[in-house]
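Thanks for passing this one along. Here are a few friendly notes on its charged pairs, to read alongside the model.

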Amino acid sequence: SACLLPARRRLPVLRMKLPQLLAALLLVVASGLRLPPLSRRGVIGAAFAASAPALRAVAAYGEAANQAPPALVPSPFYPTGEMAKTCEVVAAGREDVCLKPLKMLSAYDEMRLRKASDALKAAGSSTPASDEAVRLIGLVEAKEWATLAGELGCTQPKTPDAAPKKCVTSVAGLDVAKLAAAVSKKDPALMTDALVKLAASL
């Protein structure tokens, strides 16, 4: 007949909260009580088992804290640095994520601006008007949109995605009405057309 093995003795389940369990464990160690091996292992094992969820929660919190927030909400602030040259609206708390890119200069427009600037510089007669035209061309080439809007006296909109308004129509004796309209539309191609015609008129 098959031998009946004695049933394994089950240790009592500790139903203590983690602070109470750790306090009890420290009390046992500090008092020098000699517990049976199984009881000591049971206490230590129960302490680790009870602390595991808390440790997992701390680890999960740390991982979540290191994760970047979702880039879905538009930021109410203007982009800064290099991002301001290519992006109109960035994500809140994530300036590295562009939600609304700006229209960019094409290679053809860059060539036209360079030729217009070189022609003004090679004319040999520097005037306040020609110097201002060269400066405006340089701002468009460098994609310094905020500085360009300020040069034209445009009022800064309250939100990054809004267009500049109330720009002046004359700077240093130059008729910049078409350029100001192009800046309000945030269209580099229209800015190029306006600046090339402006340079040709000087």
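In which helix do Arg 112 and Asp 109 both lie, and how many residues apart are they?

1. Both belong to helix α4 (residues 107-121), where Arg 112 and Asp 109 sit three residues apart, about one turn of the helix. Please keep in mind that this is a predicted model. The two side chains form a salt bridge, with 3.7 Å between the closest N and O atoms. Asp 109 has 7% relative accessibility, so it counts as buried.

2. Arg 112 has another partner to look at: its side chain also meets that of Asp 193 in a salt bridge, at 2.8 Å from N to O. This pair links distant parts of the chain, as Asp 193 is in helix α8 (residues 188-200) and Arg 112 in helix α4, 81 residues apart. Asp 193 counts as partly exposed, because its relative accessibility is 29%.

3. Elsewhere, Lys 85 and Glu 144 form a salt bridge whose closest N and O atoms are 3.8 Å apart. Lys 85 is in helix α3 (residues 83-86) and Glu 144 in the loop between α5 (128-141) and α6 (145-151), so the pair ties together parts that are 59 residues apart in sequence. With 31% relative accessibility, Glu 144 is classed as partly exposed.

4. For the overall tally, the structure holds nine salt bridges, among them the pairs Arg 112 with Asp 109 and Glu 144 with Lys 85.

Terms used
Residues numbered from 1 in each chain as written. Predicted model: local features only at pLDDT ≥ 70, side-chain atom pairs only at ≥ 80, totals over all residues. Heavy atoms only, no water. Salt bridge = Lys/Arg side-chain N within 4 Å of Asp/Glu carboxyl O. Helix = DSSP H or I, 4+ residues; strand = E, 2+ residues; numbered from the N terminus. Buried < 20%, exposed > 50% of the residue type's maximum accessible area, 1.4 Å probe, protein only.
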